[in-house]
Protein chains: 2
Amino acid sequence: MTGDRRKFRREGEERRREALIAAALELFAEGGAGAATVRAIADRAGVTPGLIRHYFTAKEDLVRAAYATVMNRMTAESETAATPADLDPASRVLAFVGVSLRPPVMDAERVGLWAGFLHEVRRDPEMRSIHEATYLAYRNQLQALIAALPGNADPVRARRLAIACNGVIDGLWMEGGMLPEAFAAGELEIIGLSAVRAILGLPAGKPT
Amino acid sequence: MTGDRRKFRREGEERRREALIAAALELFAEGGAGAATVRAIADRAGVTPGLIRHYFTAKEDLVRAAYATVMNRMTAESETAATPADLDPASRVLAFVGVSLRPPVMDAERVGLWAGFLHEVRRDPEMRSIHEATYLAYRNQLQALIAALPGNADPVRARRLAIACNGVIDGLWMEGGMLPEAFAAGELEIIGLSAVRAILGLPAGKPT
DNA sequence: AAGGCTATTGTGCAAGTGTATAGTTACGCC
DNA sequence: GGCGTAACTATACACTTGCACAATAGCCTT
């Protein structure tokens with residue numbers, strides 16, 4: 001009588017993994033690492049806690065996979081913003097910067113998500129290397145765009161400029177996400193673009 | 001016979017509070033929020049867990065006090081770097097920036113400490129207002145220094161420049177702390193100073 | 001020197017954590 | 001259509017967490 005066991009469907013392995021990762025990301029965004037418990041993740045994914053262990057050898061594995069997912073997604077988004085080949089080099093750099101400083105990339109929830117992972121990155125060497133790889137992938141894209149500008153052929157110079165511009169982006173992105181009400185809509189994008197233009201010596205015009 | 005109760009000394013209230021906060025900060029820096037358990041904090045402070053409840057009505061109170069402490073300390077450090085009145089305005093701005101981008105302010109442990117708090121800031125409104133207050137205190141100092149530069153009398157302009165420079169500082173500070181081995185010693189300070197000079201339109205010389 | 005105030009300790013508890021493992025059921029295959 | 005596999009569930013366990021509360025002992029006052 002009492003034996004009503006929960007009904008379930010056998011999803012494909014890929015879909016289940018993605019669903020679990022998505023659930024973990026939601027919880028990380030909402031409540032940080034503390035909220036992303038095995039039970040909460042399973043619940044959010046409409047699944048039983050035990051199943052997590054079926055797909056990931058430990059919770060840590062799931063966390064790492066989730067972090068890699070979110071970082072790669074963000075890098076890909078910025079990349080596509082700067083791909084139109086018909087743009088001149090300066091416009092491509094500015095497009096790359098601009099997309100990072102407005103929604104949906106610059107968003108309180110995303111910053112919260114990233115903040116939730118930050119501590120794990122410092123602690124777990126595996127997470128650290130994921131972080132390093134994705135950070136460098138992002139910065140190298142920026143550096144390639146900068147090197148295409150006139151006068152920036154020297155790789156050492158291009159690297160320094162890329163680090164500086166990346167710093168502007170990261171700093172403003174973080175602050176905008178942590179204190180959204182402290183800035184007017186679109187303000188940080190304007191400020192960021194002006195700063196990057198100044199750093200790169202681009203004219204202060206109003207581009208696309 | 002078995003009644004060897006632990007010996008203890010009655011410290012002054014101020015000293016105990018500070019000791020507990022210091023212990024909490026150490027643990028936050030080392031292992032993030034997860035490591036700063038009531039028991040671990042008490043242990044580090046050479047005290048029994050119960051005592052924490054005697055000084056703080058809940059653990060959350062201790063965490064808030066610790067965050068306020070560390071943020072105020074960092075702001076104070078940057079402030080004193082820019083106080084020498086014999087410096088010209090430009091040098092004062094650059095001194096303010098420079099001190100934030102080299103040890104002991106830019107330090108992996110400090111960034112880790114800050115990262116450990118980041119998530120709590122997003123969640124707890126009380127922490128949020130502490131964050132906002134300390135962030136604005138820091139940025140307003142920067143803004144005051146910038147407004148003293150020729151041509152920056154307009155508050156709107158000074159505010160924007162302060163936000164931009166603050167973004168550079170925060171971004172580079174964070175990246176330097178997260179991936180120390182990715183940058184040469186002193187590299188980020190040089191890059192940060194160049195970027196700030198470019199943003200503020202200062203000559204590219206090598207100042208004090 | 002004694003007494004009292006309170007800072008400090010020790011013990012205990014209910015709730016929540018990750019993980020192990022055995023049992024069950026959905027679904028592809030012949 | 002039955003069967004085997006593995007995707008999935010359910011239960012249990014050892015451990016940790018924050019917090020409550022009563023007992024104790026260090027220090028100050030007189």
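A residue is buried if 20 or more other C-beta atoms, placed from the backbone, lie within 10 Å of its own. A nonpolar core is a set of buried Ala, Val, Leu, Ile, Met, Phe, Trp, Tyr and Cys residues joined through C-beta atoms within 7 Å.

This is a predicted model: local features need pLDDT of at least 70, side-chain atom pairs count only at pLDDT 80 or more, and totals for chains, interfaces and linings use all residues. Residues are numbered from 1 along each chain as its sequence is written, while chains are lettered from A and ligands numbered from 1 in the order in which they are written.

**Exercise 1. Find the residues with the most contacts inside the largest nonpolar core.**

Step 1. The largest nonpolar core has 117 residues.
Step 2. Those with the most contacts inside it are Ala24, Cys165 and Ile199 of chain A, and Ala24(B), Cys165(B) and Ile199(B).
Step 3. Take Ile199(B), and leave aside its neighbours within four places in sequence. A contact means C-beta atoms, placed from the backbone, within 7 Å. Ile199(B) then touches Ala195(A), Ala198(A) and Ile199(A), and also Leu161(B), Ala164(B) and Cys165(B).

**Exercise 2. Work out how chain A is related to chain B.**

Step 1. Superpose the copies by least squares on the C-alpha atoms of residues with pLDDT of at least 70 in both.

**Exercise 3. Describe the side of chain A that touches chain B.**

Step 1. Count: 35 residues of chain A are in contact with 35 residues of chain B.
Step 2. Find the helices (DSSP runs of H or I, at least four residues, numbered from the N terminus). Helices α1, α6, α7, α8 and α9 of chain A each supply at least two residues. The largest share, 13 residues, comes from α8(A).
Step 3. Sort by type: 18 are nonpolar, 11 polar and six charged. Here Ala, Val, Leu, Ile, Met, Phe, Trp, Tyr, Cys and Pro count as nonpolar, Asp, Glu, Lys and Arg as charged, and the others, Gly among them, as polar.
Step 4. Compare the copies: 100% of the interface residues of chain A are also interface residues in chain B, so the copies meet through the same surface.

**Exercise 4. Decide how far α9(A) is enclosed.**

Step 1. α9(A) has 14 residues. Of these, 11 are buried, so α9(A) is largely enclosed by the rest of the structure.
Step 2. The buried residues include Leu188(A), Ile191(A), Val196(A) and Arg197(A).
Step 3. Their cover includes α5, α7 and α8 of chain A, together with α8 and α9 of chain B.
Step 4. Just after α9(A), Gly201(A) takes a positive phi of about 70 degrees.

**Exercise 5. Describe the surface near DNA strand D.**

Step 1. Near means that a C-beta atom, placed from the backbone, lies within 6 Å. Around DNA strand D there are 25 residues, and the closest are Arg6(A), Thr48(A), Gly50(A), Thr37(B) and Lys59(B).
Step 2. α3(A) gives the largest share, four residues.
Step 3. The surface divides into eight nonpolar, five polar and 12 charged residues.

**Exercise 6. Locate the cis peptide bond of chain A.**

Step 1. The bond from Pro103(A) to Pro104(A) is cis, with omega near 5 degrees.
Step 2. Pro104(A) sits in the loop between α5 and α6 of chain A.

Definitions and conventions: Two residues are in contact if their C-beta atoms, placed from the backbone, lie within 7 Å. The expected span of a helix is 1.5 Å times one less than its number of residues. A residue is buried if 20 or more other C-beta atoms lie within 10 Å of its own, exposed if 12 or fewer, and partly exposed in between; C-beta atoms are placed from the backbone.
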